[in-house]
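Here is a short briefing on one structure. Look it over first, then read the points by topic.

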Amino acid sequence: MYVIKRLITMVVTLWIIMTLTFVIMNSIPGDPFASDAKSLPEEIVKNMRAKYNLDEPLPVQYVLYMKDLLHFDFGPSIQSKTRDVNTLIAEGFLPSAILGLQAMVVAIILGLALGIIAALNHNRGLDYLSMIVAIVGISVPSFILAPLLIKYGAVEAGILPVASWGTWQHTILPTIALAVGPLAIIARFVRTSMLEVLSQNYMKTAEAKGLSTVYIVCKHGIRNAIIPVISFIGPLFASIITGTFVVEKIFAIPGIGKYFVDSIFNRDYPVILGTTIFYSTILVLTLFLIDLCYRFVDPRIKMTSGSE
């Protein structure tokens with residue numbers, strides 16, 4: 001019953017996002033054909049507006065827009081004459097997915113390690129060092145870190161490619177730029193959670209039995225300390241996804257984020273709507289799957305609502 005309710009909530013949430021995106025886009029001043037209107041005959045501009053249903057009343061545009069979405073059709077791109085929005089998303093999804101997943105894996109693994117090390121060395125040198133790294137990571141946004149990585153890691157050191165896409169080396173710098181912030185936040189969460197877990201009686205009992213610290217932490221500590229972190233993975237995933245918009249543009253990566261940024265400058269409404277809805281769908285599905293993961297991490301958590 002809980003899963004069904006969550007599925008219904010997910011569908012309603014996506015509908016609200018689609019509607020709000022449509023309303024906001026149509027509320028923005030300007031016209032995607034404003035520049036063409038100065039150089040092309042009025043009749044041609046009128047035909048171009050009719051092709052994208054921009055000459056219809058707003059309610060009619062909304063109905064046509066939702067009808068296309070039900071068929072998973074995001075429509076043609078205004079700027080790209082040879083590719084529609086579905087094609088752009090299909091082409092850009094793989095680079096964006098690789099970059100986002102790599103950043104997630106790096107952030108989770110290194111964040112867990114840094115948080116555990118800080119907790120096990122509470123109020124000692126490694127604890128202070130770990131938290132300094134975390135504070136710096138939180139303070140420096142990805143769009144500031146990315147140019148610094150290009151300058152010192154690519155241009156001056158010449159170790160890695162400056163930009164573009166092609167080999168795994170091209171993914172290293174953008175992955176670092178995306179992962180540092182989430183990594184720092186995870187480290188702080190894990191440190192706080194692990195300190196609480198280490199103070200529990202069952203941890204002290206295991207230590208009194210003569211079990212090694214590594215065994216106690218791996219067997220009992222991590223599983224209990226990671227539960228609060230799981231609840232943060234959804235928003236974390238959202239921050240990484242939105243972060244790829246700017247990072248992909250900076251590193252000239254042909255992903256969905258780059259198409260999204262370009263579409264804003266070009267007022268390519270179908271691309272803006274399509275990429276926003278696509279990313280929103282991924283985010284909502286991720287939050288749904290994370291809710292289901294709670295049951296597997298901690299069997300004490302029931303998959304029921306409060307009234308049940």
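What percentage of the chain is helix over residues 97-121, and how far apart are the end C-alpha atoms? The chain there is 96% helix and 0% strand, with the end C-alpha atoms 36 Å apart. Helices here are DSSP runs (H or I, at least four residues), numbered from the N terminus. The model is predicted, so local features need pLDDT of at least 70 and side-chain atom pairs pLDDT 80 or more, while totals for chains, interfaces and linings use all residues. Residues are numbered from 1 along each chain, and side-chain values use heavy atoms, without hydrogens or water.

**Transmembrane annotation**
- An unreviewed UniProt entry places "transmembrane region" at several stretches, including residues 97-121 and 170-190; such annotations may be inferred rather than shown by experiment.
- Residues 170-190 are 100% helix and 0% strand, with end C-alpha atoms 30 Å apart.

**Helix contact**
- The axes (lines fitted to C-alpha atoms over the stretch in contact) of α5, residues 85-120, and α12, residues 256-266, come within 7 Å.
- They cross at roughly 125 degrees, on a scale from 0 to 180 degrees between N-to-C directions.
- L88, I89, E91, G92, F93 and S96 in α5 meet I256, G257 and Y259 in α12 (heavy atoms within 4.5 Å).

Notes:
Helix = DSSP H or I, 4+ residues; strand = E, 2+ residues; numbered from the N terminus.
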